[in-house]
Amino acid sequence: MTPMTLTEKILARHSGRESVQPGDNIWIDVDVLMTHDVCGPGTIGIFKQHFGQNAQVWDKQKVVIIPDHYIFTNDKMANRNVDVLRHFAAEQDLPYYYDVGSERYKGVCHIALPEEGHTRPGEVLFGTDSHTCTAGAFGEFATGIGNTDAGFVMGTGKLWVKVPPTMRFIFEGELPPYLMAKDLILAVIGDIGCDGATYRAMEFDGPGVYSLNIEERMTLCNMVIEAGGKNGVIAPDQVTLDYVNARNARRVPYTPVFSDSGARFVFEKSYDVRKLQPVVAQPHSPDNRAYVNDIKGTKLDRAYIGSCTGGKMTDFRAAAQILQDKTVRIDTFVVPATSEIARGLKTERINGHTLEEVFLAAGAKIGEPSCAACLGGPADTFGRLNAPMSCISTTNRNFPGRMGHKEARVYLASPLTVAASAVTGCITDPREYIA
Amino acid sequence: MTLPANVSGKAYVLGDNVDTDQIIPAQYLTFNPAIPEEYRQFGKYALSSVPPAQAGLPKGHIPFHTEDEFVSPYTFIIGGKNFGCGSSREHAPIALDAAGIKVVVAEFFARIFYRNSVNGGYLIPFECAQRLCERVCTGDDLELDVASAQLHNRTTGETYALKPLGEVAPILEAGGIFPYAEKVGMLNR
């Protein structure tokens, strides 16, 4: 049998075939469908339009609804959309709806999914959000879809996909303390361009990847869509299994899958991570790479630490390492991705102080867990760029208008670089603070 | 819509990497496309975050429509590389559809935008081997023969061969993923 990549193998197993090849169009079975407040109402509309007002979702255990985008806003339409989700979850008796204003409220879906045990190796996850690819860090096939596709999955549990060819990126060596996964993925996107992986899978491999914790691996996979990738994936190891098993409270069985030896990769590139430098993506594209060292001193108005790619515990630990005993010189916004991470900021300590204390003492503002200003949102969104200012951010996208004002300039960088820049008010190399 | 034999109308030309935030900015995603009156609203805000210099090439600074209009005078979008990159929001092809666009021609598309255009039956996405965004001008009068994938520019007299629709043609012909799946026996309601 032809050797297959991890992605090809998952797709083959979910289509009931022995093997598949890049370019094949196949129908696959879906393990989990996720939607949120921005695309959920449209998805539910499509589902009801095609399956009937009284239709039931194909499998209640497999539909996960996580309001996260426009939550802490007075925008009536945004609040109405959460009502639509709430009503649908009640009507369908969905066990995995994480309601706003309740104990169960989570925040950013891509972090909530693994925290609540909805990500497992070898599975297929579709979500109505392009950053659904984040879950590839758990060794599964995960990608973003639109409302129509999601409405179709909701009723049938199936979807057609085209098998993507796989690109492989190998990271050699162990990351130095001044670099983070964000530097690696921004370096990759800078190399291949924001269309360099269009219609392709991106598999990450090598000791540099396996030395990363699970949150950092999520950061790598999160941004494959910024290169146009269909999915990003990292084969599971003990770190993956330990995380998944600790969260898989329902003991849902799963089968880890690995690339075969001799599997064909359409592109391969190796990086020695010890030789990389802190990177930023300059306005207005994630592939507009610059080394921090080459543009240091660039004046900034604001710093933002949050989102699915930059609002996890690892990101805040890194930022706090630099911000402790310092004061920020520009407005600095801290947004934990989820309520669990928000609690972590209150309990985890660095030199005797909680991370929350460190951020507040430095003069940063801390918001409620949600997507917040990563994608702009309603005008009253915490941290939104309502004027044409310059912001350095741990988020994942900086196209014109992404964080609000269409003339705002957004620089994407690691939490270390963002924290160092918040202290000085201009783009700053974290090596000035970390050996 | 299902596949028409011909499409004709005016072209609106954009550049490379027109992302979904430019096509429909995030603050308008609060409208629910499943409600017809709100679907219409997306047309009003379509392409409202395209930087003015990039809007309506080659000159730029040509608005897609005036601020209070829901429908634009254009039928075709001509883009460059990686059209529709960024988010998975189906509101992007919906916004162009609501604004009256029937066909988008680009060198290539970002995957999710392409999929949403086809599976939702909103737009016909044609790829072209040549860089048409540098040959066609905003306002040019175009005529497309869908079956032969020939695009004729009545303003300049040129004819461009687009890439065949290929494997998505049957889905577009059926009118989207639901009627298509029904046809091929993948949907039993």
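A disulfide is a pair of cysteine sulfur atoms within 2.5 Å. The model used here is predicted, so local features need pLDDT of at least 70 and side-chain atom pairs count only at pLDDT 80 or more, while totals for chains, interfaces and linings use all residues. Residues are numbered from 1 along each chain as its sequence is written, chains are lettered from A in the order in which they are written, and side-chain values use heavy atoms, with hydrogens and water left out.

**Exercise 1.** Find how many disulfides the structure holds over all chains, and examine A:C39 and A:C308.

*Solution.* Over all chains, the structure holds zero disulfides. Turning to A:C39, we find that the nearest cysteine sulfur belongs to A:C109 and is 9.7 Å away, and that A:C39 is in no disulfide. A:C39 has 3% relative accessibility and counts as buried, where buried means under 20% relative accessible area, exposed over 50%, and partly exposed in between (1.4 Å probe, protein chains only). For A:C308, the closest cysteine sulfur is in A:C374, and the distance of 6.0 Å is too far for a bond; A:C308 is also buried, at a relative accessible area of 6%.

**Exercise 2.** Describe the open sheet of chain B and its strand order.

*Solution.* Strands (E, at least two residues) are DSSP runs numbered from the N terminus, and two of them pair if DSSP finds at least two bridges between them. The open sheet has seven strands with mixed pairing, in the order β4-β3-β2-β1-β5-β6-β7 of chain B. Its edge strands, each pairing on one side only, are β4 (124–127) and β7 (159–161) of chain B. Within chain B, β5 (residues 141–145) and β6 (residues 150–153) pair in the antiparallel sense over four bridges, and B:L144 has B:L151 in β6(B) as its bridge partner.
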